[in-house]
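Hi,

Here is the structure I said I would pass on. Have a look at it first, and then read on for what turned up.

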Amino acid sequence: MTAAAGPAARRAIVRQSLSVGVATGAYGISFGALAVAAGLSTWQAMALSLLMFTGGSQFAFVGIIANGLGAAPAAIAASSMLGIRNGLYALELTHLLGVRGARRVAAAHLTIDESTAVAVAQREERTSRLGFWLTGLTVFVLWNLTTLAGALIGNLIGDPRTYGLDAAACAAFTALLWPRLRSRDAVAIAVLGAVVAVVLSPTMPPGIPVVAAAAACLLAWRSPKAARP
């Protein structure tokens, strides 16, 4: 049975969760702006963020609306890969969270990149659960608020990427990963994942480079180490 996390550990996980949640949630303004630019109403944009709540798939859907059926194959492929990724997250989190009933439904809705990353980065079960729920809820609330803001403001804000919001979530993930790179094996696996993602990104649909990089890292982690003399 895991011992209760101390006050310092709880404060640390709260800081992590809120920082990741704010960095990710802020990018919802981009979705809101792009959704109304593609022809959706404010309420339709809000419904997507409330009910779908998977950023990549939401952007893929808006891409189809904006560019017609010609964009559908790539968008569907990308969103399908993202769905597979979330399914793998669920396998990892099922035993960690230990939820049942209505909480299980809520956990499924909040199973995203950010909540999973914060949860699995912790050393204790209690802090993992706290990190998952706090991060997921922070992203959910802010993502929906900023979707509304982006939909209302629309083109007045220009391209949200010029503010660096698209890089904020990546920076937050890097901050989570960095403290765990304490061995040569961990550094080598991280470099392998980065190289695979960078090489595939220019030519593959969104989502596929991430899944391929994760698969490469998993294979490298599972590979038996050569015996040392």
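This is a predicted model: local features need pLDDT of at least 70, side-chain atom pairs count only at pLDDT 80 or more; totals for chains, interfaces and linings use all residues.

Phe31 deserves a click in your viewer. Setting aside neighbours within four places in sequence, Phe31 is in contact with Ala45, Leu48, Ser49, Gln58, Phe59, Val62, Trp143 and Thr147. Phe31 is also one of the buried residues of helix 2, along with Gly28, Ile29, Ser30, Gly32, Ala33 and Ala35. That makes helix 2 mostly covered, with seven of its 10 residues buried. After helix 2 comes Gly39, which has a positive phi near 115°.

Now for a helix pair. How do helix 1 and helix 8 pack, and at what angle? Helix 1 (residues 7-25) and helix 8 (residues 125-153) have their axes 8 Å apart, at an angle of about 25°. Angles under 35 degrees count as roughly parallel, so helix 1 and helix 8 are roughly parallel to each other. Helix 1 passes helix 8 in a right-handed crossing.

If you want to select the residues on both sides, here they are:

- From helix 1: Ala9, Arg10, Ile13, Val14, Ser17, Leu18, Val20, Gly21, Val22, Thr24 and Gly25.
- From helix 8: Thr127, Leu130, Gly131, Leu134, Thr135, Thr138, Val139, Leu142, Trp143 and Thr146.

Sorted by class, this contact of helix 1 with helix 8 is made of 11 nonpolar, nine polar and one charged residues.

Finally, the overall picture. Of its 229 residues, 37% count as buried. Among contacts in the chain with a separation of 6 or more, 75% are between residues 24 or more positions apart.

That is what I have on this one.

Cheers

How values were computed. Residues are numbered from 1 along each chain as its sequence is written. Side-chain values use heavy atoms; hydrogens and water are left out. Axes are lines fitted to C-alpha atoms, for helices over the stretch in contact, and angles run from 0 to 180 degrees between N-to-C directions. Helices (H or I, at least four residues) and strands (E, at least two) are DSSP runs, numbered from the N terminus. Angles under 35 degrees count as roughly parallel, over 145 as roughly antiparallel, 65 to 115 as roughly perpendicular and the rest as oblique. A crossing is left-handed if the near helix is turned anticlockwise from the far one by less than a right angle, and right-handed if clockwise. Contact means heavy atoms within 4.5 Å. Ala, Val, Leu, Ile, Met, Phe, Trp, Tyr, Cys and Pro count as nonpolar, Asp, Glu, Lys and Arg as charged, and the others, Gly among them, as polar. Buried means under 20% relative accessible area, exposed over 50%, partly exposed in between (1.4 Å probe, protein chains only).
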